Amino acid sequence: GTYTNQGLNARYFFGNSFNASLGYHMRNFSGTSTAKSYSSSNWSYSYQTETYSLDAKTSVATLGIGNHWLMDWGLWIGVDWLLASNALSQTSEATLTSSTGTVTAAESAKFKKDAEKLGDLINAISASSGFAVLTIGFAF
């Protein structure tokens with residue numbers, strides 16, 4: 001799968017390196033989810049599979065406090081000691097891309113619901129808060 005994180009952060013420095021941050025991020029996951037079931041009849045087994053493309057998207061607002069230092073030659077080092085995040089919006093959509101075997105309507109609905117629950121979990125993790133987040137970069 002592919003995970004992207006695009007956002008904007010603003011920092012207010014109270015003194016030397018101590019700062020408060022405010023951020024807004026759009027986090028997206030695209031991948032596939034495959035569900036498989038089997039049935040048996042007269043000592044023979046048959047397998048049914050459905051594959052879904054999964055798109056999970058969430059918009060997150062973040063408040064934080066931390067310390068950041070910029071060296072004269074451009075190295076940026078920082079630690080956000082506490083980041084409090086909240087999902088502003090989130091969606092999770094599963095689209096059937098392929099199917100093998102005979103899948104009942106009830107199984108198909110369950111498979112799709114399970115794939116979208118996976119998307120909801122990914123969104124929840126994407127919107128989670130953090131502590132002691134290290135940042136290293138270069139400013140020019």
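Two strands count as paired if DSSP finds at least two bridges between them, and the strands themselves, like the helices, are DSSP runs numbered from the N terminus, with at least two residues (E) for a strand and at least four (H or I) for a helix. The model shown is predicted, so local features are given at pLDDT of at least 70 and side-chain atom pairs at pLDDT 80 or more, while totals for chains, interfaces and linings use all residues. Residues are numbered from 1 along each chain as its sequence is written, and side-chain values use heavy atoms, with hydrogens and water left out.

**View 1. The hairpin of β3 and β4.** Strand β3 (residues 44–70) and strand β4 (residues 75–100) run antiparallel and are joined by 22 bridges. Within this pairing, Ile 65 has Leu 82 of β4 as its bridge partner. The two strands form a hairpin with 4 residues between them, and in the turn Gly 74 has a positive phi of about 110°.

View 2. An open sheet is formed by 5 strands in the order β1-β2-β3-β4-β5, with antiparallel pairing. Its edge strands are β1 (2–13) and β5, each of which pairs on one side only. Strand β2 (residues 18–41) is joined to β3 by 24 bridges, and Ser 40 stands opposite Tyr 45 in β3. Helix α1 (residues 105–126) lies across β1, β2, β3 and β4 and runs at about 15° to β3, where axes are lines fitted to C-alpha atoms, for helices over the stretch in contact, and angles run from 0 to 180 degrees between N-to-C directions.

View 3. Ser 33 lies in strand β2 and, at 15% relative accessibility, counts as buried (buried means under 20% relative accessible area, exposed over 50%, and partly exposed in between, with a 1.4 Å probe and protein chains only). Leaving aside residues up to four places away in sequence, Ser 33 touches Glu 50, Thr 51, Tyr 52, Ala 115 and Leu 118, contact being heavy atoms within 4.5 Å.

**View 4. The strand β5.** Strand β5 (residues 130–138) runs antiparallel to β4, and 8 bridges join the two. Ile 77 stands opposite Ile 136 in β5. Ala 132 also lies in strand β5; its phi is near 55°, a positive value in a residue other than glycine, and at 45% relative accessibility Ala 132 counts as partly exposed.

**View 5. The salt bridges.** A salt bridge is a side-chain nitrogen of Lys or Arg within 4 Å of a carboxyl oxygen of Asp or Glu, and by this rule the count comes to 2. In one of them the side chains of Arg 11 and Asp 80 meet at 3.0 Å, N to O. Arg 11 lies in strand β1 and Asp 80 in strand β4, so the pair ties together parts that are 69 residues apart in sequence. Arg 11 is partly exposed, with a relative accessible area of 28%, whereas Asp 80 is buried, with a value of 5%. The side chains of Asp 114 and Lys 110 also meet in a salt bridge, at 2.7 Å, N to O; these two residues are 4 apart in helix α1 and thus separated by about one helical turn. Asp 114 is partly exposed, with a relative accessible area of 33%.
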